[in-house]
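Please consult the sequence and the model while reading.

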Amino acid sequence: MPFGYLLAITLVAWCTFFAVAAPRGTPALAAMSFRFGLALNELPFLGLYWTLGATLLAAAQDDLSSAGGQVVLAVAAATTAGLVLSVRRSLRARPVLKAALGDGLGVDWRRDLSPDTAARLRRRPPLGRILFGPVLVRGGDVEHLPDIPYGDAGPRNLLDVYRRGDITEGAPVLVYFHGGGFRSGRKDREALPLLYRLAGQGWVCVSANYRLSPQARFPDPLVDAKKVIAWVREHGRTYGTDGSALFVAGSSAGGHMSCMAALTPNDPAYQPGFEQADTSVTAAISLYGYHGPVAADGRRPSSPADHLRPDAPPILLAHGDKDTLVPVEDTRTFARRLADASSGPVVYAELPGAQHSFDLFHSLRFEAVVDAVESFAAWVLATRNSPRTDARDL
């Protein structure tokens, strides 16, 4: 038995199973699916490289001629099939997102863009980076300004700014909030491909820490989110923006915060000590967001669904149909209720095969999401001074 080949293939086969099947029958199984399946679900090419390299090495050492070697080779073939399936699912994200934009914004949404804006939108994924540098998230012309304080809660009230050095004024802003179940997480972990892409296109992006449990409890994180928005409006000119076009985004728990911020503009209950600050936003983006209640007592309205309003800003929701931590059914229900309540556009995309935390790498799937977010934001900026039209009536 070629034990080295067996170990190499068993490792990738184990992770491929959880990536493809994503079982979630129990909380423990759901967590296993997430932990073992995430990397190869987003980066199946790395699994293919590993499997091919291990097989070629085994062949060079004449390890495939034995009965044991043949069994391991069969497992490698099955693993390869699973990884190819993962690639195919990832490729489906782009057409799904394109359809979602058409459904939410109207099939002719590109006609609302200027020719220059439309020309800047990517039509093809950056295959070189996806295939050969998916974990390299830095951008050459984007500067990263870390650990700027926006409140008095120490490290939990720090933010980072991403921008091009030539940006001096008038840039739109994206404020991003990390995930972590309101218990963990940090500002420099998720969605970095999105932040660097938008910053490279002339945006100013802000990624912020916020207070976490058990030291903090609802509405402390939301108060911090609004402090960040107020900080951008007060200090944005220093970094090249006036804050008039301000988008909020977040992943998982951060998706909850972005939707809550969008649906509670200027609410003094969530702005203690800065009640007069303008905390309204231009639009919101939630990636694999949790949209349920978070208040421990269960009595306070702590879910975005508790704050639905007809004048909600445009909102984009993207969720994986293989998410084992936050079920897609919950976001699907929230998206339907939001669309029924709001006169503004709601873009909702269910990403085939996507697990939780699909925004960590330059993957086929997340690059498609990045392009959809950029397209959504371009449309919002192009139409924000026009009378609202419900895309469902087009």
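Which residues form one aromatic cluster? The cluster is made up of Trp 14, Phe 17, Phe 18 and Phe 36. The model is a predicted one, in which local features need pLDDT of at least 70 and side-chain atom pairs count only at pLDDT 80 or more, while totals for chains, interfaces and linings use all residues. Residues are numbered from 1 along each chain as its sequence is written, and side-chain values use heavy atoms, with hydrogens and water left out.

Rings of Phe, Tyr and Trp (its six-membered ring) pair if their centres lie within 6.5 Å; planes under 30 degrees apart count as stacked, over 60 as edge-to-face and the rest as tilted. The count by this rule is 10 aromatic pairs. Phe 17 and Phe 18 are an edge-to-face pair, because their ring centres are 5.1 Å apart and their planes stand at 75 degrees. Burial is judged by relative accessible area (buried under 20%, exposed over 50%, partly exposed in between; 1.4 Å probe, protein chains only). Phe 18 is buried at 4%, whereas Phe 17, at 47%, is partly exposed.

Surface patches are made of residues with over 30% relative accessible area and no salt bridge, like charges being joined within 9 Å and nonpolar side chains (Val, Leu, Ile, Met, Phe, Trp, Tyr) within 5 Å. A salt bridge places a side-chain nitrogen of Lys or Arg within 4 Å of a carboxyl oxygen of Asp or Glu. Met 1, Phe 3 and Leu 6 form a nonpolar patch with about 320 Å² of accessible area together. Phe 3 belongs to helix α1 (residues 3-21) and is exposed at 61%.

A positive patch comprises Lys 98, Arg 110, Arg 123 and Arg 124. Arg 124 is located in the loop between α6 (115-120) and α7 (127-132); helices here are DSSP runs of H or I with at least four residues. With a relative accessibility of 67%, Arg 124 is exposed.

Methods
Areas by Shrake-Rupley, 256 points an atom, 1.4 Å probe, with all protein chains shown as cover. Lys, Arg positive; Asp, Glu negative; His and termini not counted. Charge placed at Lys NZ, Arg CZ, Asp CG, Glu CD. Helix = DSSP H or I, 4+ residues; strand = E, 2+ residues; numbered from the N terminus.
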